[in-house]
Amino acid sequence: MPRKTEGRPDPQALLARVEHDAAPTRGRLKLFLGYAAGVGKTYAMLQAAHAERAGGRDVLVGVLETHQRAATAALLVGLPTLPQRKMAHRDIVLEEFDLDACLARHPQLVLVDELAHTNAPGSRHRKRYQDVEELLEAGIDVYSTLNIQHLESLNDVVEQITGVRVRETLPDKVLETASSLALIDLPPEELLLRLKRGQVYQPAKAEAAARNFFRPGNLTALRELALRQTADRVDDDVLSYMKRRSISGPWPVTDRLVVAVGPSPFSERLVRAARRLAEALSAEWFAVSVRTGQTLSVAAEDRIVRHLQLAESLGARTEVVTGLSISEALVTFAEKNNITKIVAGKPLVNRWWSSDLVDQLIRRSGDIDIFVVSGKPGETAPTPPAPARPLPWSRYLQAASVVVLATLLCFPISHLLTPTNLVMVYLLVVTLIAYWWGRGPSALASALSVAVLDFYFVPPFYTFVVSDHEYVLTFLGLLAVSLSISGLTARSHEQAAAARQREEETAALFALSRALGQALDEQEIGKIVADHATRQLKQPVQFLPPDSGEWELPDAQRAVALWALQHGQLAGKGSETLAEAEVLCLPVLSIEKREVLGGLLLPLERPLSPVRLRLLETFGRQAALALERSRLSIAARESDLLKATERLQTALLNSISHDLRIPLVSISGTLQALRDEPDQHLNPEQRQALLDNALSESDRLNRVVGNLLHMTRLESGVVQANLQPQELGEIVEMTMTMLRRPARVRVELPPDLPLVEVDFGLLQQVLANLLENALKYSEGPVEVGVWPGERAELWVRDYGRGVPEAEREQIFERFYRVRADISGSGLGLSICKGLVEAQGGTIRVEPADPGARFVVALNWDQPHE
């Protein structure tokens with residue numbers, strides 16, 4: 001095996017180094033991290049800001065809270081401060097960071113305190129870190145502060161340490177993507193001393209803090225978390241440096257893990273645990289919601305949406321899958337996506353009649369590792385599925401009625417069958433009820449079947465007393481089997497309904513793809529996508545073109561759509577941005593260039609479920625593919641047109657260069673001869689011959705230029721015929737005066753011809769071109785005449801070689817010439833065709849034996865027979 005060349009850099013390392021050294025277009029974020037309030041984060045940030053200002057940078061204080069600390073307030077002196085935006089909420093006025101004013105001011109560096117802060121309702125973003133993200137995208141550097149307990153993945157750990165659930169959190173990726181991290185550390189003893197002196201909080205608040213959060217054990221544990229987080233960040237920086245510099249070292253093997261999320265509150269703990277495990281393993285991770293066909297309540301659907309959004313904010317890739325069971329769907333997903341580890345919750349309640357999820361995963365997982373996370377009692381209690389609408393009591397009454405009907409049918413045959421055989425009838429009834437009306441009515445039918453069988457068909461009759469104890473086993477068997485069958489039947493019915501829904505979605509996507517394949521332009525593509533999405537989501541969906549000037553939207557909806565398309569991110573109801581809006585806007589992004597091609601806007605009263613949101617995203621991807629295909633098709637047509645234009649230019653130059661050069665050389669020679677006339681001693685006849693030659697060549701040059709101008713006007717659509725009743729005889733007569741050799745032309749016009757509806761000048765140009773062409777290609781006479789009929793057919797005949805049959809269609813194309821030995825641009829007949837068609841006529845060539853005849857069919861001014 002060849003040994004790796006020493007010092008040879010890895011291609012991926014070179015790419016990472018180029019990307020690192022490239023000039024950044026995005027702002028840089030520096031975080032001042034601490035483990036508790038009062039360690040000096042804001043103070044250190046202000047000191048760093050003064051140093052930057054002294055270095056000549058434009059520094060602005062965007063938002064900063066001094067907490068009435070004199071030392072911190074003193075450092076604000078000398079730094080320009082942005083006025084806060086006032087917002088009314090529940091009869092009070094709140095002050096928030098003015099993002100738009102900061103973007104308009106566009107400083108080089110802005111200070112934004114308390115990064116995990118939650119903005120007031122009605123703000124553009126729900127969290128302050130999202131405001132900072134927009135500042136960074138605008139190329140503005142940001143200094144900000146953060147306490148370790150606000151990291152989302154540590155939320156559970158912090159609660160276990162302090163007993164306090166931190167409500168304001170932010171995704172770990174904010175810390176991971178920060179350009180630099182400054183740990184502001186202070187021993188817990190000194191922090192408690194500062195707290196006691198009133199340098200952290202006011203005395204009343206400081207006393208309560210010392211009894212609760214600011215206990216020495218809490219502060220020590222939080223300090224350790226902050227130190228470990230910083231150490232991990234430093235380790236990542238070292239590894240990144242080693243990779244960029246191609247320094248060899250131990251590289252960790254990458255794992256992939258998946259965690260299932262559902263409506264249970266325990267899912268939040270599972271997601272955070274999976275995030276910490278993925279971070280420790282440097283692994284890619286997935287959060288999966290499994291649908292087994294059960295109908296969930298609105299509240300349960302909302303919780304699943306929140307859990308998936310939490311996983312996405314922590315860096316997971318989220319998916320929604322379907323299956324007969326959660327364990328089967330998870331293992332199948334893991335096998336298809338090369339997952340090495342599955343994270344599951346530890347069950348606190350053991351049910352002897354059924355195996356829990358962990359046991360099922362262990363049996364099915366094979367080589368996949370299973371990680372079990374413990375939870376609190378009550379937190380792990382599963383959320384029972386509930387139908388979107390309560391079952392009407394009429395279904396229970398109908399189930400009881402069916403049992404009564406079955407009992408009436410059993411009476412005539414009860415003397416023929418034993419009670420154990422009648423059990424089969426009731427099992428059939430329970431199965432049908434489960435299929436028709438679900439679990440509840442079928443459970444009622446099971447209990448009624450046992451009671452009715454005992455009361456009417458088991459001796460002693462009409463009493464619930466059982467004389468033969470063997471029937472007790474029969475009743476228990478009937479009840480158990482009935483409940484099992486009803487559960488399985490109802491579950492099969494639900495899964496069949498889910499399969500039908502998936503089939504409908506697949507058919508809808510297939511219909512969409514087929515319709516998009518026939519779409520011709522972007523406007524039609526947008527209409528098709530909006531119509532299909534509206535039918536499938538049962539919500540009015542509108543496609544927005546990328547140009548906001550074409551939108552007709554209320555101001556509130558326009559604001560959501562503008563932000564979504566400008567930033568290429570989901571915005572509106574149920575998203576992280578403008579979540580209180582009554583609409584949701586999904587930007588349609590190109591597959592590779594991440595260019596915004598449009599958007600899908602739909603009004604919503606409540607957030608979309610994960611399944612419907614994935615369906616909307618699928619519609620968006622289909623729209624993106626169709627729009628890109630349309631643009632590529634247009635670009636291909638433009639490219640073909642450009643190539644054709646280049647070919648035409650080459651053909652034009654090759655064709656007319658000879659026709660332009662010869663007249664110019666002849667005219668130039670004539671003028672030179674006339675200039676040198678004293679030396680030439682020309683007689684009057686010679687001088688006149690030179691002038692006649694120059695005039696003839698100038699006429700020839702004028703015709704070539706005229707043909708070019710005519711062709712240009714035809715191609716640009718400038719030529720418009722002014723159709724008027726005209727006499728063909730007058731047109732022929734006026735055309736004869738334009739010819740250089742009119743003596744060779746014989747005119748054969750019938751007497752008393754009706755008027756034709758033509759443009760006098762255009763038809764005169766057509767006839768002149770046809771006659772000049774005939775005179776050039778034939779040395780014999782040329783004839784012109786008219787055939788009256790349903791249409792007036794003006795014809796020109798020559799007695800030359802004629803036109804071969806294979807070339808009779810091509811002869812009217814641009815630059816096409818039958819004989820290369822005769823000069824010409826090849827534009828005359830093409831111009832004739834364009835001018836004739838502009839007047840509503842047609843032109844054709846036909847054999848005349850000998851020669852050829854060109855026939856122009858025109859409309860009479862009045863119907864003619």
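This report describes selected strands, a sheet, helices and ring contacts in one predicted model.

## Basis of the model

Because the model is predicted, local features need pLDDT of at least 70 and side-chain atom pairs count only at pLDDT 80 or more, while totals for chains, interfaces and linings use all residues. Residues are numbered from 1 along each chain as its sequence is written, and side-chain values use heavy atoms, with hydrogens and water left out.

Helices (H or I, at least four residues) and strands (E, at least two) are DSSP runs, numbered from the N terminus. Two strands pair if DSSP finds at least two bridges between them. A residue is buried under 20% relative accessible area, exposed over 50%, and partly exposed in between (1.4 Å probe, protein chains only).

## Strand β1 and its partners

Strand β1 covers residues 29–34, and five of its six residues are buried, so the rest of the structure largely encloses this strand. Six bridges pair β1 with strand β6 (residues 141–147) in the parallel sense. Within this pairing, Leu-31 stands opposite Ser-144 of β6.

β1 also runs parallel to strand β7 (residues 180–183), to which four bridges join it. Here Phe-32 has Ala-182 in β7 as its bridge partner.

Rings of Phe, Tyr and Trp (its six-membered ring) pair if their centres lie within 6.5 Å; planes under 30 degrees apart count as stacked, over 60 as edge-to-face and the rest as tilted. The whole structure holds eight aromatic pairs. One of them joins Phe-32 and Tyr-143: the ring centres are 5.6 Å apart and the planes stand at 75 degrees, so this pair is edge-to-face. It links distant parts of the chain, since Phe-32 belongs to β1 and Tyr-143 to β6, 111 residues apart. Phe-32 and Tyr-143 are both buried.

Lys-30 lies over the face of Tyr-143, at 5.6 Å from the ring centre. Such a charge sits over a ring if NZ of Lys or CZ of Arg is within 6 Å of the ring centre and within 35 degrees of the ring normal. Elsewhere, ring pairs link Phe-411, Phe-455, Tyr-456 and Phe-457 into a cluster.

## Gly-62 in strand β2

Gly-62 is found in strand β2 (residues 59–63) and counts as buried, at 0% relative accessibility. Neighbours within four places aside, Gly-62 is in contact with Leu-82, Gln-84, Phe-97, Val-110 and Leu-111, where contact means heavy atoms within 4.5 Å.

## A five-stranded sheet

An open sheet of five strands has the order β18-β20-β21-β23-β22, with mixed pairing. Its edge strands are β18 (745–748) and β22 (842–847), each pairing on one side only. Four bridges join β18 to strand β20 (residues 782–787), and the two run parallel. Glu-748 has Gly-785 in β20 as its bridge partner.

Helix α24 (residues 728–736) lies across β18, β20, β21 (792–798) and β23 (852–858), at about 170 degrees to β18. Helix α26 (residues 828–838) lies across β22 and β23, at about 135 degrees to β22. Axes are lines fitted to C-alpha atoms, for helices over the stretch in contact, and angles run from 0 to 180 degrees between N-to-C directions.

## Cysteines

A search of the whole structure finds zero disulfides (a disulfide is a pair of cysteine sulfur atoms within 2.5 Å). Cys-410 counts as buried, at 1% relative accessibility. Cys-832 also counts as buried, at 1%.
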